[in-house]
Amino acid sequence: MVKSYEMNGFRRAVNRVAGFLARRGKGPASELTTIGRKSGKARTVPVTPIEVGGVRYLVSPYGAVGWVHNIRAAGIATLSRAGTSEQISVAEVQGDDAAVVLKEYVAEVKIVRPFFDVPPDAAVADFAAEADAHPVFRIER
C-alpha cells in the first residue's frame with residue numbers, strides 16, 4: 001500500500017529543517033520558490049533536484065501538491081541553494097521519459113520510496129505507470 005502525503009506539523013518541521021540546510025548548502029535539498037497561482041504570493045518549499053543524463057529535473061514524489069500547480073501555471077520559478085539563486089523555466093515530462101527520471105529518483109532519494117508503488121529495482125516500464133501520480137519537470141534556463 002502506498003503511503004499518502006499529508007501536510008502536518010511534523011512535515012512542516014522537516015521542511016523547515018530541509019530549507020535551513022539548503023540555505024547553508026548542506027544535504028541534497030534546494031529551495032523552490034513559486035508564485036501562488038491564486039494568491040500571487042511567493043511560496044517556498046524544499047525540493048531535491050536530480051540530474052539524469054546531464055539534464056536536471058524536479059520530481060514531485062507526493063503528487064500534484066501546491067508547488068506543482070503553481071509551476072504548471074507560471075512555467076517559471078526560482079531555485080536556491082547555499083546563497084545562490086537561479087531563475088528557471090520548466091517543461092513537464094511524461095511517459096517513458098518521466099519513467100527513467102522516476103526510477104533514478106527513487107533509487108537516489110530513499111525517503112520518498114513509501115510514496116511509490118514500485119521498488120527502486122523495478123523495470124523502467126513499471127515506473128511509467130507511476131508517471132501520472134508523480135509529476136516530473138525538466139529544468140530549462
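**Sheet architecture and helix packing in the predicted model**

Beyond residues up to four places away in sequence, S80 touches S30, E31 and S85. This residue of the predicted model lies in strand β5. S80 is buried, its relative accessible area of 16% falling under the 20% limit. The side chains of S80 and S85 are joined by a polar contact of 2.8 Å.

Confidence in the prediction was examined for the protein and for its elements. The mean pLDDT of the protein is 93, with 99% of its residues reaching 70 or more. Among the elements, strand β4 (residues 55–59) has the highest mean pLDDT, at 98, whereas helix α1 (residues 9–23) has the lowest, at 86.

Strand β5 belongs to an open sheet of 7 strands, arranged in the order β2-β1-β5-β6-β7-β4-β3 with antiparallel pairing. Strands β2 and β3 (50–52) form the edges, each pairing on one side only. Direction ignored, neighbouring strands of this sheet are turned by 40 degrees against each other on average.

Individual strand pairs were then considered. Strands β1 and β5 run antiparallel and are joined by 3 bridges; L32 stands opposite L79 of β5. The antiparallel pairing of β6 with β7 extends over 5 bridges, and V90 is found opposite I139 of β7. Strand β7 also pairs with β4, again in the antiparallel sense, over 3 bridges. Here L58 has F137, a residue of β7, as its bridge partner.

Helix α1 lies across β1, β2 and β5 and runs at about 110 degrees to β1. Helix α3 (residues 95–108) packs on the sheet, where it touches β3, β4, β6 and β7. The direction of α3 makes about 125 degrees with that of β3.

Helix α2 (residues 66–74) contributes the buried residues W67, V68, N70 and I71. Because the buried residues of α2 fall within an arc of 165 degrees when seen down the helix axis, they line one face of the helix. Their cover includes the strands β1 (30–35), β2 (42–47), β4, β5 (76–81), β6 (84–93) and β7 (136–140). Just after α2, G75 adopts a positive phi of about 80 degrees.

Within helix α2, V68 was examined individually. V68 is buried, with a relative accessible area of 0%. When neighbours within four places in sequence are left aside, the contacts of V68 are S60, G63, P135 and F137.

Definitions and conventions
Residues are numbered from 1 along each chain as its sequence is written. Side-chain values use heavy atoms; hydrogens and water are left out. pLDDT is the predictor's confidence in each residue, from 0 to 100. Helices (H or I, at least four residues) and strands (E, at least two) are DSSP runs, numbered from the N terminus. Buried means under 20% relative accessible area, exposed over 50%, partly exposed in between (1.4 Å probe, protein chains only). The arc is that of the directions from the helix axis to the C-beta atoms. Contact means heavy atoms within 4.5 Å. Two strands pair if DSSP finds at least two bridges between them. A polar contact is a pair of N or O atoms within 3.5 Å; within protein, one must be able to donate a hydrogen and the other to accept it, and residues adjacent in sequence count only if both atoms are side-chain atoms. Axes are lines fitted to C-alpha atoms, for helices over the stretch in contact, and angles run from 0 to 180 degrees between N-to-C directions.
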